[in-house]
Amino acid sequence: GETFRLLSDIETNRSIITVTGFADSPSFGIAIPWVKNGLLEPYWTHDEEMVLFKMVRKILLHRNILIEGQNYSYDVQYFRRYFAAIPNLAFDSMLAHHLLFPGTPKDLGYLSSLYCQHHWYWKDDGKEWNSKGTVADLCLYNAWDCVRNFEINTVLRGLIKSMKMEEQWEEVIATAHLLQKMMFQIVGSRRQMQM
């Protein structure tokens with residue numbers, strides 16, 4: 001079947017996913033809150049949360065959806081723990097930028113300044129959420145991450161192609177998948193030793 005690119009991003013606090021966001025273009029993103037405030041009270045009723053949980057899991061594991069992100073090895077740890085899902089990462093902006101321009105910064109704010117048509121810095125907006133911000137503020141921050149990252153990935157995909165680095169990119173993403181498997185094997189081994 002036809003494949004579909006989808007940017008995925010999470011926000012976390014105290015080892016809990018606070019927001020899960022998605023974008024399918026540089027102009028449309030959605031953010032799903034899981035908590036009400038900095039005290040981490042559930043946002044949804046149990047039944048509502050289960051419906052959303054199943055939908056998010058289905059999206060993350062759908063074989064026709066190409067999951068993209070930024071430093072996605074971080075996100076995938078949480079998806080494995082809380083959603084019992086290991087999304088099949090198709091593209092990571094941090095890895096792609098490093099392949100093309102090693103030794104340069106790889107954070108999302110910097111990548112936005114290079115690759116987004118209309119950049120403005122937003123990365124500090126989510127830092128005050130615990131003390132002053134609302135859930136709506138955090139969701140807006142996450143949605144900005146998603147749409148900006150989608151635009152960044154679109155440009156990076158084009159650069160990889162124009163610089164004729166597709167073969168190197170395939171090696172990078174294959175290595176990322178291998179490292180992910182190793183990470184989960186190490187975590188599993190540590191848990192067994194603690195029992």
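Here are some questions and answers about this predicted model.

Me: Before we start, what should I know about the numbering and the model?
Reply: Residues are numbered from 1 along each chain as its sequence is written. This is a predicted model, where local features need pLDDT of at least 70 and side-chain atom pairs count only at pLDDT 80 or more, while totals for chains, interfaces and linings use all residues; side-chain values use heavy atoms, with hydrogens and water left out.

Me: Okay, how many salt bridges does a search of the whole structure find?
Reply: A salt bridge here is a side-chain nitrogen of Lys or Arg within 4 Å of a carboxyl oxygen of Asp or Glu. Searching the whole structure on that basis gives two.

Me: Is Glu68 buried or exposed?
Reply: Buried means under 20% relative accessible area, exposed over 50%, and partly exposed in between (1.4 Å probe, protein chains only). The relative accessible area of Glu68 is 0%, so Glu68 is buried.

Me: And why is strand 4 largely enclosed by the rest of the structure?
Reply: Strand 4 spans residues 65-69. It pairs in the parallel sense with strand 1 (residues 4-13) over four bridges, and two strands count as paired if DSSP finds at least two bridges between them. Strand 5 (residues 89-92) also runs parallel to strand 4, joined by three bridges. Strand 4 is largely enclosed because its buried residues number four of the five.

Me: What arc do the buried residues of helix 4 cover around the axis?
Reply: In helix 4 (residues 108-115), the buried residues are Leu108, Gly109, Leu111, Ser112 and Tyr115. They lie on the same side of helix 4, because their arc around the axis (taken from the directions from the helix axis to the C-beta atoms) is only 160°.

How values were computed
Helix = DSSP H or I, 4+ residues; strand = E, 2+ residues; numbered from the N terminus.
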